[in-house]
Amino acid sequence: MQENINITCRIRNFIMYMILLLLPWYLIFVIGYSIEESQAITNDSINTVYKTDRLPSVVDHSKFDVLKKNFSNPKQVTEACVSCHNKRHTELMKSAHWTWDRKSIRQNGDTVRIGKVNTINNFCITTISNRWKCTSCHIGYGWKDENFDFSDYKKVDCLVCHDTTGAYEKQPLGSGLPVDEKRTFTNKTYFPPNYSYIAKNVGKPRIENCGKCHFFGGGGDNVKHGDLSSDLYQADRNMDIHMDKKGINMTCIDCHETERHNITGKLYSVSNDNNNRVMCSKCHVGNVHKNNTLNRHTNKIACQTCHIPLYAKGTATKMIWDWSTSGKLDKGRQYKEYDSLHNVTYKSGKGTFVWKRNVEPEYVWFNGTAEQYIPGDIIEDTTVALKINTLYGSYSNKDSKIIPVKIHRGKQIFDTENKMLIIPHIYGHDKNAYSKGLDWNLAAKVGMKDAGLPYSGKYSFIETEMYWPINHMVAPNSQALTCIQCHSKESRLKNLTGFYMPGRDRNIFLDILGIFMIVGTFGGIIIHAVIRFLKAKHIIN
């Protein structure tokens, strides 16, 4: 009987030893992980300085005699603006919004001017040879061709940025001018603006002013950026936590602060240097998370990477544009095809499109510098996708962080002999325009002549990629990425190489070391328990 009691005591003691030895491991790996996951999901930012207490304008423009006139055209309004705001037009006329370019230094050391005026994209391709149509979004009047006078201040469009009525619109094909009579474009009717009424109701730019151009780049709503769409006009917190109409209700100029018409912010499809950028840290200062592990992540990970898990959360964005399939006819006529959301998926004069909604970003290292393909650049390898713009950065670069991007993939015309992208004459009412005649060879001849570049007469199509950093459509903290979405085999960062990420990557040495440590730990526990068990038995005997 006594021997059975002793055996029971020894078994109970052995179980107690095992529990006491394993309990700390459980607390560390299970409870600790759960706490960190919880904090990663529900953590609220601290040390945040929001600058949304904007002072309302105290100026009533309707009281100024100079604005009580009956204006018959927009240039008269500009003259009236300048009569009071003298010299302000000179600030704007030095900006990239006016010139569509800025001085830049390329990677090879060349100093050039780069911007919408001379770069190439893989959407509508370029403004060169297509100027009259693309300049519908220029902040000026009448930029139809190379004869536009950039020194004429009367051609500055003050209203496009400062109208607060919503009644001012440029026409789609008017080179920056509104209509002067009732006209209809693609099922939308435009009316001549009431300039006298609008001039009396000007003020600071609103999201509607910025969005008229920036939300509709590339020919439609959310076509280019993916994170800039008309959905932001009336955003809720799920669309964008900063622009939530019932929340912080920030507007574009809260982040893109402006001094002397110099607007902060960079668009890396046309910019390449690391200055004048808008950074989250301007408001979210210091250690913004209660969890120090997350704070350490910000050394190498941009805020947007975790806090913008999806883009194009409302209106779909264009992901692929294949020009090579264009030119087809249906019963001798150009035609269109649509998807279930009524997005155009094929157009005879433009080719094939692929659209997506609720898109997971791709990720790259970025240090704030970039390089663009400029007309005339030689393509080194035509068998791989050509990067229209290259975002520089790497794990080893101290200034680099992981950022989310939209990569727009295209297929566009290039000169097979001269090994350069072709500037085609796409838009126009003349037969040389590809959209009219569907003749690539003719469009290439005219476009390359306008660009001052050689054309061999031989062409094909090359795959291209264009990188668009994602900065808008910031999600609430509860929707931010969790640890497992990166630290796992199917990591969102699985295509980023050159560094070791726990949970995603394997290192044989570390794996073997870890196995030995685990085996050694449990072996030590068992040996210790056996020794205690034998000692207890010896004492009892």
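The model is predicted, so local features need pLDDT of at least 70 and side-chain atom pairs count only at pLDDT 80 or more, while totals for chains, interfaces and linings use all residues. Residues are numbered from 1 along each chain as its sequence is written, and side-chain values use heavy atoms, with hydrogens and water left out.

The protein chain contains 14 helices and 17 strands; these are DSSP runs numbered from the N terminus, helices being H or I with at least four residues and strands E with at least two. Of its 541 residues, 42% count as buried, where buried means under 20% relative accessible area, exposed over 50%, and partly exposed in between (1.4 Å probe, protein chains only). The chain exposes about 29400 Å², of which carbon and sulfur atoms supply 55%; such areas come from the Shrake-Rupley method with a 1.4 Å probe, and for residues only the protein chains shown count as cover. Among contacts (heavy atoms within 4.5 Å) between residues at least 6 apart in sequence, 69% join residues at least 24 apart.

Helix H2 spans residues 74-84, and its buried residues are Pro74, Val77, Thr78, Ala80, Cys81 and Val82. They pack against helix H3 (88-92), H6 and helix H7 (195-199).

Two loop residues other than glycine have a positive phi. Serine 175, with phi near 55 degrees, is found in the loop between helix H6 (159-162) and strand S3 (183-185). Serine 175 counts as buried because its relative accessibility is 3%. Lysine 419 also has phi near 55 degrees and is placed in the loop between strand S15 (401-415) and strand S16 (420-421). Lysine 419 is partly exposed because its relative accessible area is 33%.

On the surface, Tyr500, Phe509, Leu510, Leu513 and Met517 form a nonpolar patch with about 530 Å² of accessible area together. Patches are made of residues with over 30% relative accessible area and no salt bridge, like charges being joined within 9 Å and nonpolar side chains (Val, Leu, Ile, Met, Phe, Trp, Tyr) within 5 Å; a salt bridge is a side-chain nitrogen of Lys or Arg within 4 Å of a carboxyl oxygen of Asp or Glu. Leucine 513 lies in helix H14 (residues 508-540) and counts as partly exposed because its relative accessibility is 38%.
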